[in-house]
Amino acid sequence: MTGKLLLSVEGVTKAYPGVVANSDVSFQISEGEVHALLGENGAGKSTLVKMIYGLVKPDSGRMVLRGQAYAPGKPGQARALGVAMVFQHFSLFEALNVAENVALGMENPPPMKALAGRIKAVSEEYGLPLDPARMVGDLSAGERQRVEIVRCLLQDPKLLIMDEPTSVLTPQEVEILFKTLRQLASEGTAILYISHKLEEIRSLCDEATILRRGKVVATCTPRERTAREMAELMVGAVLTPPARAGKAKGEVALEVTGLSVASPIPFGTSLKNVGFTVRKGEVLGIAGVAGNGQDELLLALSGELKAAPEAVRIDGVAMGGKGPNDRRRAGLVAAPEERLGHAAAPDMSLVENALLSGVVRKGLTKRGFIDWAATETFAAGIVKDFDVRTPGTHVAARALSGGNLQKFVVGRELSQTPTVIVINQPTWGVDAAAAAAIRQAILDRAAGGAAVVVISQDLDELLEIADNFAALNGGRLTPTRPVQGLTVDEIGLMMGGTHGMEVAHHGH
Amino acid sequence: MLRLEKRPSPSAFWQKASPFLAVILTMIAGGIMFAALGKNPVEAIRTIFWDPLFGEFAFYFRGQLLVKAGPLILIALGLSLGFRAGIWNIGAEGQYIMGAIIGAAVGLALYPTENRMIYPVMVIAGAFGGWAWAMIPAILKTRFNTNEILVSLLLVYVAQTILAKAATGFLRNPEGAGFPGSRNFSSYPAASNPELIAGTGMHWGVVAAFIAVIAAYVLLQRHILGFHIKLAGQAPRAARFAGVAPNRLVVLCMGISGALAGLAGLFEVTGPAGQITIDFNVGYGFTAIIVAFLGRLNPVGILFAGLLMALTYIGGEMASTNLGLPSAAIQAFQGMLLFFLLASDVLTNFRVRLSTKAVA
């Protein structure tokens, strides 16, 4: 039920040094319409909405909002004209409560008591119950998102922009969010919904504009298209899902029992009595909403966080008390989620970054002295085998695009003939083609007899490559179950259902 | 509004050229300052940079150059390792004093025995003294997470008090008629550090500094330990991922810088200074911090920075005695050098952009 034209974007172009983020982009959104902006990472979705929200100024083209020329110089102006945005990464202070956080985002916040009342009223009206007095640090990711949404709703927006809102939600929480968004749309609010998750878009959105490399390549009505058709429009190529060879499972290579460690991260999630086993040739997928102990689990497995010696066994040997290099010697390699700064040193060259974790298993030192020639060969091999697009191996890591650096980092670990592989978010922020290549490489190593643990927030990815499935929820791991036969509902419940968040929708 | 934007990849040429540009800019700005003080700027600059090397009394000053540069280079090299790893030893001055006291004490205890092994033992004792003094902030940091900047800095003043006590008490020359100060090592051949080649200023400390330059270069370029030091400074989380134990690195870097500062103190007290006195330390430990950054924490850079800094000291003294320039002007001149170097470094890595926050 869409009304009259609200915003029209006409021929907008924005170039950054070396890349055209948006080229002659046009689309229109009407009141009460849920409009999807669809595209791979780097397709220009974020730049486009940043221009609409006043964070970035277009080089050329124009925008019209309710019949008036619209060119916000800063987000404050956009908000004043009824444009609000919920970012993918929250801007909340964990040590403040909900009402204080909301007040910080407002131009002229009312007195705290009145504000708390309004937060309660608005959040209940839209089925997103929130306690204004609770500390944000204690909230789940889904509840934090509610804080951001309620903050926008208090400004009574005409256009609500949502940037990948479901990446931090369980399937059940996604349902709650969608009900809220449908309610808003029925009241005439236009919603610009950014995502690359096609099923979501099919169930929620009225219209879709598909971007590829900064250009609009198609518009469609999502309900009338299959997910596959949209994916191919988005990627511009025919996609082939990764091939899995039927394989015989070997003996247990990684055994984790009673693993409990305190989180080294402020407001982090401590691991509580985590246990699982992975056999050779097997892929264990660990799901979970962001911030439920994924980072901590990777640190505890890689050896950056030490635990009780018996808690982690590699090939039967107790390694829980050992550091990263001892575990590498024992055959375990790990790839952390954060590429720049954790998996790789941003200002160091690819050669130096190859040395960073490859030194032990590739024998790149002799009596402590670095064999640079061998290291360079190793780095060049990764670049070649994993199709890393780079001018050379002497380029600094930060000069590579996210997808290429991810291929390098994953490639570096997979090239060390490991017996156990642990990867957190293997394809986060990576384009579809690179993601497919990385998944295939992981499956190939598993077929070659490695035990693999993939921690990911992308359920589709896990269901695609994992043999067994478990979920992290508040630092605890659910029992492991075979992927075959799992339903989305069951997965959602394993991930914590609605995390105790009330469902306050009464059937619209 | 001006703002700085990080360059995607800084020009290799300007990375090399920026120290030279800084020296030239310092000469220009310093010349203007000297002119404003009513002095002939060309003459002042010549007195500072040219005369000590090629002037009438250069035969004397050239020697002084190595004497002053030796300890600066030795200390700065040690500091640079820690600085690269983000470990801030600010108390090299104290470690320098303690190295001198412990090393000298060993020598004086053996007086007047003559044996070839005495000096090597003193060298080891000097390094030990500086190392042990640096271990205090290192262990406090690893055990109790104290701030090594504060602890190492405050220990400088403790060391100075011990120095005064040594000069007037436990190391005082028993034949010195009650004057403060220890025996002079120049009259105790087994424990002295003489000029090795007459007129060059070359003594064992300078030799040690040159060896340390080579060792530090090899460590940073070729050894996994040097790689880990760089990694810890640039990306601490990546360093932990690479298996670097942060505490071990603190102990190691503080230990190396302390030992090198202690060595510098020992070579100084047995050579150019000659004896333990109340005012034995002249700030090498602090100036070395500037030298380390001027040499951009690179061993070869530090070698040249140490020489340059020594030159401005010697030339500056000449300028103040010959031309009557106030010593504050000389210090300002040295400050300009650091300022221009840091400025050209910033502009090498960042570009200035006129912020376009236009409301269109």
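**The chain, then the loop**

Reply: Chain B holds 14 helices and two strands. Both are DSSP runs numbered from the N terminus: helices are H or I with at least four residues, strands are E with at least two. This is a predicted model, where local features need pLDDT of at least 70, side-chain atom pairs count only at pLDDT 80 or more, and totals for chains, interfaces and linings use all residues. Residues are numbered from 1 along each chain as its sequence is written, chains are lettered from A and ligands numbered from 1 in the order in which they are written, and side-chain values use heavy atoms, without hydrogens and water.

Now the loop. Leu323(B) sits between α13 (299-322) and α14 (327-349) of chain B. Leaving aside neighbours within four places in sequence, Leu323(B) is in contact (heavy atoms within 4.5 Å) with Lys39(B), Glu43(B), Ala44(B), Thr47(B) and Met318(B). Take Lys39(B): 284 residues separate it from Leu323(B) along the chain, yet their C-alpha atoms are 7.7 Å apart.

Next, the chain as a whole. Among contacts in chain B with a separation of 6 or more, 77% join residues 24 or more positions apart. Of its 360 residues, 50% count as buried, meaning under 20% relative accessible area with a 1.4 Å probe, protein chains only. The C-alpha atoms fill a box of roughly 85 × 60 × 35 Å along the principal axes. The radius of gyration of chain B is 22 Å, which agrees with a compact globule because 360 residues would give a value near 21 Å. That radius is taken over C-alpha atoms, and the globule rule is 2.2 Å times the number of residues to the power 0.38.
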